[in-house]
Amino acid sequence: MITKTKTALVIGCNGQDGALICNSLLKKGYKVIGGSRNGKDNLDKLNQLGIEKEFEIKKADIKNSNEIEKLISYCQPETIFNLAAQSSVGKSINQPIDTVEGIVNGTLNLLEVSRKINYTGKIFFAGSCEMFGNTETKADIHHKQNPRSPYGIAKQTSFNLVKLYREIHSLKCVTGVFFNHESHLRNESFVTQKIVKSAYEIKNNRQKKLKLGNIDIIRDWGWAPEYIEAVQLITNSPNLKDHIICSGVSNSLKIFIEKVFNSYGLNWHEHIEIDKNFLRQNDIKSSYGDPNPLFKDLGWKAKVDLDSIIVNLIKLSNRN
Ligand code: NDP
């Protein structure tokens, strides 16, 4: 347990990871301050965790330097977690400007403000495996980068900016490159949530079919509540080093579907329809990472496997 005097600023506090990390930090005794574009207008994820009243939430857009400078000056945080992003790869194809501006300008803005005000605390940036594109082998942090979406390009650029500011301005900033991680707090527009919701609706005779695109894609899925513990280890380490946060286990979306439908006693073949309109030319076929460097360096590895992730998703979203 640490003393209440440690302050953490969580930008993007009402996202999946933002809400989970606020919860984790509060439990550890941190003073938490949340930053959100909407201020207190929409706190659904914090509400779901029952922590919306346990800390202060300030309205701030990460792209706005005045707002971010004011926020840092106000909080005087030991650590800033930058989790804010338009986080959907699919949306980034149709909304590239918003996505890239939010992620790249937002990250650069935070770094520049921190440099100008001589901020001496730590800054965590949420990177993404989308910066690698397809991975033919388990990706480590040095894997070839070939992003296939505006989102992936924005995360790649921001990753490089964070590295640059650490190296040339000695800012204490670091990236955790996330592979997919899920929880009941994930937005319902994401495919994993869509599958759980649809299987539940089908089971209850309120839906017959679910249309999907490429179900042969391979992903490395993890459980978000444990990934945000890795975030804190990476950020608190005296030797700041960018790391991959992944399970190292690859599964196809088809397997994910099969496991979810089996949980409801359903045969997925009878309910899943492949719709060509959902096939994306830029879809990454295979994406999985190497968990060993993070384990060797900081002793963290994923413990929750895909079966348990699915059990948790069903239970925590009250769909059992
Ligand atoms: P969410 O989409 O759940 O949350 C992102 C949050 O960012 C939202 O609360 C959103 O606020 C906020 N946000 C967006 N733009 C801005 C802005 N300009 N200023 C302030 N806040 C903003 O994402 P996750 O929690 O799942 O992901 C957290 C981070 O990790 C993101 O950066 C994401 O890209 C990255 N990541 C996540 C992965 C995953 O599997 N979950 C995988 C790889 C990377 P609002 O509610 O206003 O829209």
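Ser88 sits in the loop between S4 and helix H4 (89-94), where helices (H or I, at least four residues) and strands (E, at least two) are DSSP runs, numbered from the N terminus. This is a predicted model, so to speak of local features takes pLDDT of at least 70, while side-chain atom pairs count only at pLDDT 80 or more and totals for chains, interfaces and linings use all residues. Residues are numbered from 1 along each chain as its sequence is written, and side-chain values use heavy atoms, with hydrogens and water left out.

With a relative accessible area of 15%, Ser88 is buried; the cut-offs here are under 20% for buried, over 50% for exposed, and partly exposed in between (1.4 Å probe, protein chains only). A polar atom of the Ser88 side chain lies 2.9 Å from the backbone nitrogen of Lys91. That counts as a polar contact, a pair of N or O atoms within 3.5 Å; within protein, one must be able to donate a hydrogen and the other to accept it, and residues adjacent in sequence count only if both atoms are side-chain atoms.

Phe190 leads on to Arg186, which lies over the face of the Phe190 ring at 3.9 Å from the ring centre. For a charge to sit over a ring, NZ of Lys or CZ of Arg must be within 6 Å of the ring centre and within 35 degrees of the ring normal. Lys58 does likewise with Tyr74, at 4.3 Å from the ring centre. Lys58 and Asn38 are 20 residues apart in sequence and 8.7 Å apart in space, C-alpha to C-alpha. Asn38 belongs to the loop between strand S2 (31-36) and helix H2 (44-49), and its relative accessibility of 38% makes it partly exposed.

Now for the ligand. Its surroundings comprise 24 residues, and the closest are Asp17, Arg37, Ser87, Tyr151 and Lys155; a residue is near a molecule if one of its heavy atoms lies within 4 Å of it. Sorted by type, the shell around the ligand holds nine nonpolar, nine polar and six charged residues. In that sorting, Ala, Val, Leu, Ile, Met, Phe, Trp, Tyr, Cys and Pro count as nonpolar, Asp, Glu, Lys and Arg as charged, and the others, Gly among them, as polar.

A backbone N or O atom of Gln16 lies 2.9 Å from a ligand oxygen. An N or O atom in the side chain of Asp61 is 2.9 Å from a ligand nitrogen, and a polar side-chain atom of Arg186 lies 3.0 Å from a nitrogen atom of the ligand. Taken alone, the ligand exposes 900 Å², and the protein buries 90% of that, with areas from the Shrake-Rupley method and a 1.4 Å probe. Helix H1 (16-27), strand S5 (122-128) and helix H6 (150-168) are the elements that give two or more residues to the shell. The largest share, three residues, comes from S5.

Phe81 lies in strand S4 (residues 79-82) and Phe124 in strand S5, so the pair ties together parts that are 43 residues apart in sequence. Trp221 lies in the loop between strand S9 (218-219) and strand S10 (222-223) and Phe256 in helix H9 (residues 253-263), so parts 35 residues apart in sequence are tied together. Trp221 is buried at 6% relative accessibility, as is Phe256 at 0%. Phe81 and Phe124 also form one aromatic cluster with Phe178.

Notes. Phe/Tyr/Trp six-rings, centres within 6.5 Å; stacked < 30°, edge-to-face > 60°.
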